[in-house]
Amino acid sequence: MTSSFTTQKRDAQATIERDAQADYLIVGGGTAGAVLAARLSENGQHRVVLVEAGIDTPPGAVPADIQDTFPSSTLNPGYFWAGLEATVVKGGKPRPFPQAKIMGGGSSIMGMFALRGVPSDFSRWAAAGADGWSWDEAVKFYRKIEDDPGRPGRTGGSSPIRRMPAEEWPPFVAAMKAAAASLGLPHIADINESPGDGFFPMPVSRDSNTRSTSAGCYLTAQVRNRRNLTILANTRVTRLRFDGLNVVGVEVEQAGVLKNLAARRVILSAGAIHSPAILLRSGVGPASELERIGIKPVLDLPGVGRNLQNHSYLFYALTLPRGKRLDQALRRFVIAGVRASSMMADCPESDLLLFALGRVSPQSFGTAVAMVGSALYSPFSKGFVTLMSSDVHANPRIDFRMLDDPRDAPRVVKGARLLETLLRDPGVKDCYNEAFLLPAAMAVNQFNRAGFAGAAMAVGAQVALNAPGPLRRMAVRRALNVGQPLAERRGEGQITDEEILASIAPMGHPVGTCAMGAPRDSQTVVDSGYRVAGLANLYVVDASVMPVIPSANTNLPTLMVAEHAAEKLLATASAEIFGQAII
C-alpha cells in the first residue's frame with residue numbers, strides 16, 4: 001500500500017499540470033484540511049487537491065512520536081514552523097509560539113484533550129452574526145466525529161476518544177476529585193454530553209495505543225487511493241491568484257521552485273495564524289496596512305488578522321513520592337479536569353478549566369513529576385496577526401494582547417487560586433512532596449531536551465527527584481528556575497497575584513482571525529457559508545472562522561467546523577449543478 005502513496009506523490013505534479021483545474025484546492029492538510037479532503041472527494045464527482053507545507057504521514061509511515069499517546073511529537077522541532085514568535089501581553093517580549101507544519105496539523109502534535117465546549121459558546125457565535133449556529137447544531141456534527149465507547153448509544157464516528165479508567169489514576173488525581181466534591185463540584189462522567197461545572201475524566205483523542213489525528217482518521221489508505229484526490233506535501237502556498245475579484249488558483253513553492261495551480265474553488269485551511277497571513281500576502285486585508293509594507297491591495301477587508309483570541313494557562317509542577325505516581329508503563333498525559341465558573345459579572349458560566357497531567361516526559365523520570373494546570377477558557381481579550389514584510393518567507397507578527405480586557409486578569413487569578421485550594425486540601429497534599437509554580441513556557445518542554453543534553457538531564461532528574469527533600473527542592477528550583485514551593489509537607493508558601501499573571505502562556509489554540517459574522521459588520525471576513533466577503537471562489541474553513549473562542553481545546557471544535565463546512569460546500573455544489581441542468 002505504501003508504494004501506491006509513493007507513486008501518487010511522484011505523479012501528483014504531473015497530474016496537476018495535465019488537468020486545467022481542481023474543483024477544490026485545499027490549502028493546509030491540518031485538522032480541518034484533512035477532513036475537507038476526505039469529505040469533498042467522497043462522492044467521486046469533484047477533483048480535490050490538498051496542499052500541505054509540511055511532511056506527509058501516510059498509513060504505514062506515521063512517525064512513532066506522532067502515534068505515541070504521550071505527546072512526544074510536541075518535542076520534535078521538525079513538525080513546526082521555524083522561528084515563529086508571539087507577544088503574549090501588550091508591550092511584552094516576543095516568545096516562541098509553536099504552530100504545526102505537518103500533515104494532520106495541530107492534531108499531530110497537541111496534548112489530545114477532546115472537549116466540545118459549552119452551549120453558550122455557540123449562542124455567542126450566533127450573536128456575533130454567524131447564522132445557524134447553536135449547541136444542537138454543533139452536537140449533531142460532534143456525534144458524527146466521535147468514536148467514544150464510554151457513551152451509551154455510541155455511533156462509531158471517525159475519531160476515537162478514550163478516558164483513563166479511575167483505577168489507573170495516580171493518587172493525587174483521585175484526591176483532587178474528592179477535594180472538588182467538597183467544594184460543590186460534582187463528578188461528571190461525560191463532560192461532552194453533560195457540559196457544566198464539575199470534576200471529570202478527560203476525554204482524549206486516542207484509542208488504546210495510538211493518537212487520533214485528522215490525517216490518520218480521515219486520510220486513510222482507502223481515501224488516499226481515490227483517483228479524484230491528489231495530495232501535495234512539502235508544498236507551501238505563497239499567495240492567491242486572481243482574475244479581478246475572482247480567485248482562480250494559488251502560487252506554490254516546491255523545493256524552492258514557484259509554480260501556479262489552478263482551481264475553481266480555493267479553501268484556506270492553514271489555521272488562525274497562516275490563513276490570514278496568506279490573505280494579507282495576497283492583498284486581502286486592511287488596505288492601509290498592506291500599502292505600508294509594499295503590498296498592492298486587491299480588496300480592503302479590515303477584519304483579516306483581527307479578532308485573534310487564545311486561552312492563557314499556567315502550571316504547577318508536583319514532585320511525587322514513590323508509590324504515588326502513574327504506572328511507569330502507561331504513556332499517558334492528561335487524566336482529568338475541572339470546569340468551574342468565575343461568577344464574575346458579564347462572564348459566561350464554566351469559564352475556568354483546571355486539569356491534571358500524570359507525567360511530564362516520555363523518559364523514565366517522567367512519572368516522578370506531575371503537573372496541574374489552570375486556564376481561562378472564555379477570555380475577552382483580543383489581539384491580531386499582521387505582516388511585518390511583503391517577503392513571503394517572513395513570519396507574521398502575532399500579538400495576543402492577553403489581559404487587555406479588564407475582565408480577564410481577575411479570572412486568571414481566580415482560576416489559579418481555585419487550583420491552590422485543591423492542592424492545599426489535606427488529601428491532595430498527602431500525595432505529593434512539593435508544588436512549584438512554573439515559569440511561563442510550554443511546560444512539557446521545560447522537562448525535556450534533545451540529544452545528549454536530554455539524556456544527561458534524564459539521568460540527573462531521575463537521581464534528583466528521588467533524593468531527600470532539601471536536595472530535591474534545590475535541584476528542582478535550579479533546573480526549572482522556580483521560587484519557593486506553593487505547598488510542601490512542612491508548610492505552605494504564598495504566591496502573589498503578580499507572580500500568577502507573570503506565569504501565563506498562550507495555548508496552541510489561536511482562533512478568530514478570519515471571523516464569521518454578519519455581512520454589514522466591518523470585521524466580518526467570511527459569511528455563514530464560509531465564503532470570503534467580496535471575493536468569488538474563495539473560502540476559509542479552520543479555527544480562524546470562529547467568531548468567539550470555544551471553552552475547549554480547539555481540535556475537536558475545528559473537526560466539527562470542518563464537517564459542518566463540508567456539508568455546506570457539497571450542498572452548494574449540488575445546487576449549482578442542479579441549476580445548470582435546469583437552464
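The lining of the largest cavity is made up of six nonpolar, two polar and two charged residues. This is a predicted model.

Which residues line the largest cavity? They are Thr69, Gly111, Met112, Met164, Met202, Val204, Arg206, Arg332, Phe333 and Val334. The space inside this cavity is about 60 Å³. A search of the whole structure turns up six cavities of 30 Å³ or more.

| Residue | Loop between | Relative accessibility |
|---|---|---|
| Ser350 | β16 (334–340) and β17 (352–357) | 6% |
| Val545 | β25 (538–540) and α17 (555–582) | 3% |

Is Ser350 buried or exposed? Ser350 counts as buried because its relative accessibility is 6%, and buried means under 20%. Its side chain makes a polar contact with the side chain of Asp197, at 2.7 Å. Asp197 is also one of the residues that Ser350 touches beyond four places in sequence.

Which residues does Val545 contact, leaving aside neighbours within four places in sequence? They are Cys514, Ala515, Met516, Val526, Tyr530, Val540 and Val561.

How far apart are Val545 and Gln99 in sequence and in space? In sequence, 446 residues separate them. In space, they are 17 Å apart, C-alpha to C-alpha.

How values were computed
Residues numbered from 1 in each chain as written. Predicted model: local features only at pLDDT ≥ 70, side-chain atom pairs only at ≥ 80, totals over all residues. Heavy atoms only, no water. 1 Å grid on protein atoms, 1.4 Å probe; cavity = no way out; pocket = protein on both sides within 12 Å on 5 of 7 lines; lining within 4 Å. Points joined across faces, edges and corners; volume = space filled by probe spheres on them. Nonpolar A, V, L, I, M, F, W, Y, C, P; charged D, E, K, R; others polar. Helix = DSSP H or I, 4+ residues; strand = E, 2+ residues; numbered from the N terminus. Buried < 20%, exposed > 50% of the residue type's maximum accessible area, 1.4 Å probe, protein only. Polar contact = N/O pair within 3.5 Å; in protein donor to acceptor, adjacent residues only side chain to side chain. Contact = heavy atoms within 4.5 Å.
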